[in-house]
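Work through the following exercises with the sequence and the structure side by side, and try each task before reading its solution.

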Amino acid sequence: MRLFIRSAIALVILAILAFTAFWLYLSSLPTVAPQQVSVNDATVSGSQCLHKGTEQQRAYQVSANVRSSAGQKNLYDSLLTFRFQLQPLGGSRLAGKATDIQIAEQSGAIQRIDDVAFMLRSSEGLPMAFVAFNDLGLMQQHPMKVLAQVIKNLSVGAEDEVYRYAYDGLQRLYRYRKQDDRWQRTVSAPGAQQASDSLQPKWQVELDDQCLPRMMSADEIQALTLSGEQGFIRFVVNAERTDNYLSADQFQLTADSNSHHQWQVQNLQPQQGGDIVDEQSMWQAFDDFNETHNVAELKQAANWLMENISVYDLALDMQQQSDQTNRDIIFALGLIKTPQTEAYLLDLLSGLPGGSAANDLNRVRVMVAVAGYEQVSQYAYDSLALLADSAAEPDNIRDNALINMGSVARQMAAQGEDVSVTMNNLSATLLSELQADNASAAIFSAGNAGLNQLSDDVSDAISSKLTTGSEKERYAAAVVLSRDSGRYSQLYSQAQNEPSALVRNAIVQGLSRAGINSDQQQALMALTQ
């Protein structure tokens, strides 16, 4: 069982990155390129705020809870408390040290561990965002990996920028805006034309006359699919600024400062569902899920819903529910593995009225649930194709439908079905869309379907977009072509002359995962500095 849990946690992290592909439709992109930081980096300019003397508080008291679940199994649950302090190193670099670390996994005994060191790179000016983070060799399964989420949520970026943090496992886009005396943050998946409240249920910071936020509270949830079961991972973090408690000589760092930290993940008992016997208990289960995270009960509520409430009535009811409840309803329906599920979801997709941002967001969620269904059918593909081709639909709905057509086609192939006709039709559709002004959605759809499943003309058209397209199209092409080993040479050459830092970083990240040699990796990394 322990081996399963350890493997599951690693798969959770991979699944987080994979699931975001369903949401890729491109209208806006990060304007601040992802960055890296290491012990040996040269000093570059950064915020001077934290260099103004010892009167600046640079320490925090932190609590964090990480939970994940798939199907009817709770995979992981940890509660951590610790303190940390930052120390300016010159320019944009800062050292950090977390101390007094206490960890309780699976509601077990509290364990105390040695200090954990880390490094940061800050943006220039105020407000201040931490654009790079390095945990200095901390093992992947260690609970203190949550530090990255704490640091990201303490970041407050400039109002005219869009951020994607390379160290953020959720790989989302972040925009910041000050309204009255409060800062707001909107979050979207890469490729999204509008922010999704479901991606960021809660984020609050309080700023004062010092450099860093006085307090921070955040709650993030991400859907995932693990071994055919749908589930979620959730991060709840809170931090409050305190007086400094470490001296400057206590920040001695090396590239592997944390390599000695070892951790063995503990087991967790599965959840038990409640009794869903009527409509009242069904709605109560949906309302409570944000607090209980009881997936077993959520699935029971979804089963009762499908058996007792028509799609027409559900579409009406959803107009009266909170965005959080609607998100959980659609998420729950995606967990149900019955032959009726797909038809119910597709009927809901057509039954939800358009014309409002809230309803369009719910329709996008339904598309994602359909595309993630493990026994998807040609009916699903055809339904999405009708939406993608409808001039009456807004661009973001058409783009999402097109992107998820690629996902559905790939899933049908994975089920062992003969998809030759479907792939030929998709190739023809994508070739037409690739001639449009903004072909980003078509490029991502091709990536979801798999370039090797489509005609060579599609790959060649995307390859052409890498050099001749808009920045958005070049970014999409870089992401998709990095999955094709036959395009590595072209991508490497493009990176040498690419004017956009955003596109260069997409190429660098794609090729770094592809296993190019160390000399090429070093040359590419130099392009991101």
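**Exercise 1.** Leaving aside its neighbours within four places in sequence, which residues is A442 in contact with?

Solution. The structure is a predicted model, in which local features need pLDDT of at least 70, side-chain atom pairs count only at pLDDT 80 or more, and totals for chains, interfaces and linings use all residues. Residues are numbered from 1 along each chain as its sequence is written, and side-chain values use heavy atoms, with hydrogens and water left out.

Begin by finding A442 in helix α12, residues 440–449, where helices are DSSP runs of H or I with at least four residues, numbered from the N terminus. With contact taken as heavy atoms within 4.5 Å, the partners of A442 are L402, L430, E433 and L434. Finally, the C-alpha atoms of A442 and I403 lie 6.7 Å apart in space, although 39 residues separate the two in sequence.

**Exercise 2.** Decide whether A442 is buried or exposed.

Solution. Buried means under 20% relative accessible area, exposed over 50%, and partly exposed in between, with a 1.4 Å probe and protein chains only. Because its relative accessibility is 2%, A442 counts as buried.

**Exercise 3.** How many residues of helix α14 are buried, and which are they?

Solution. Helix α14 spans residues 471–481, and eight of its eleven residues are buried, so that the helix is mostly covered.

How values were computed: Helix = DSSP H or I, 4+ residues; strand = E, 2+ residues; numbered from the N terminus.
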